[in-house]
Amino acid sequence: MELRRVDPTQPHGPLRRAWHRVARTRFGRWYGIHVAAPVDSALLRRTGGRVRLVGALPTATLATTGAKSGQRRENPVVYFHDGDDVVLVASSFGRDKHPGWYHNLRAHPEATLNDQPFLAREVTDPDEYERLFGLAVRVYAGYADYRERTAAIGRRIPVLRLTPR
C-alpha cells in the first residue's frame, strides 16, 4: 500500500477544517476511540488506504511487534512527513496512558507503515520535540487539546520519528 506524502505546512481546505471541528468535540473523540480506531486497520488494508473512518486525517497502518507477546500488531495512526522521515504522535486521544503501539516501538523499533519498513526512535531533544509537535497541531489541531488534557494528569505525549530502512 502506498504511503501518501503528508506536508504539515499545507493549508487545509474547508472539508478538512470542518472535520477537525467535529473530531475535537466530545462526540468526535468518542467516535475516534470506540469506532474509527478499532475498524480502520482492516478498512485501510481492504481498500488499499482509500477508505477510512477518520475522515480527512492522513492515516496509515502501523505494523509493530508486540512488546510482550512478540506477535504482529496493526494500528491505524495519523502521520506526517518531516523530510524523508515520518512523524507519529502517541496521543492515544488524550487518554491517561500511552497507546500500545508506542510500547511496542520502544521494545522493537523496527516497524512498517503501509508495508514500508521503518526504524522508530522517540524524539527526546526538547527543541525538536516542540517543533514537531507544532507541526502535528497543523496536521490535526486536536493534538493541542490532547496535550492540554494529558498535561493535567502529568503525561507527556511522545513524538516518534520513523526513518526509512
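1. Secondary structure. The chain comprises five helices and six strands, where helices (H or I, at least four residues) and strands (E, at least two) are DSSP runs numbered from the N terminus. Read from the N terminus, the order of elements is α-α-β-β-β-α-β-β-α-α-β.

2. Basis of the model. The model is predicted; local features need pLDDT of at least 70, side-chain atom pairs count only at pLDDT 80 or more, and totals for chains, interfaces and linings use all residues. Residues are numbered from 1 along each chain as its sequence is written, and side-chain values use heavy atoms, with hydrogens and water left out.

3. Overall dimensions. The radius of gyration of the chain is 15 Å, in agreement with the value near 15 Å for a compact globule of 165 residues; this radius is taken over C-alpha atoms, and the globule rule is 2.2 Å times the number of residues to the power 0.38. Along the principal axes, the C-alpha atoms fill a box of roughly 40 × 35 × 30 Å.

4. Of the contacts in the chain with a separation of 6 or more, 70% join residues 24 or more positions apart; contact means heavy atoms within 4.5 Å. Buried residues amount to 43% of the 165 residues, with buried meaning under 20% relative accessible area, exposed over 50%, and partly exposed in between (1.4 Å probe, protein chains only).

5. Surface and charge. The chain has an accessible surface of about 8,900 Å², and carbon and sulfur atoms contribute 52% of this area; the areas come from the Shrake-Rupley method with a 1.4 Å probe, and for residues only the protein chains shown count as cover. There are 27 positive and 17 negative side chains, and the centres of the two sets lie 7 Å apart. Lys and Arg count as positive and Asp and Glu as negative, without His and the chain ends; each charge is placed at NZ of Lys, CZ of Arg, CG of Asp or CD of Glu.

6. Nonpolar core. The largest nonpolar core has 36 residues, and those with the most contacts inside it are Leu62, Trp101, Leu113 and Leu162. Its largest share, six residues, comes from helix 4 (residues 126-139). Such a core is a set of buried Ala, Val, Leu, Ile, Met, Phe, Trp, Tyr and Cys residues joined through side-chain atoms within 4.5 Å.

7. Trp101 and Val77. Beyond residues up to four places away in sequence, Trp101 touches Leu62, Thr64, Asn75, Val77, Leu88, Val89, Ala90 and Leu160. Val77 belongs to strand 2 (residues 72-82) and counts as buried because its relative accessibility is 4%. With neighbours within four places set aside, the contacts of Val77 are Pro58, Thr59, Ala60, Leu62, Leu88, Trp101 and Leu113.

8. Asn104. This residue lies in helix 3 (residues 100-107). Asn104 is classed as buried, since its relative accessibility is 9%.

9. Most residues other than glycine have a negative phi. Asn114, although not a glycine, has a positive phi of about 50°, and Asp115, also not a glycine, has a positive phi of about 70°. Asn114 sits in the loop between strand 4 (110-113) and strand 5 (116-122), and Asp115 is found in the loop between strand 4 and strand 5. Asn114 is buried, at 6% relative accessibility, whereas Asp115 is exposed, with a relative accessible area of 52%.
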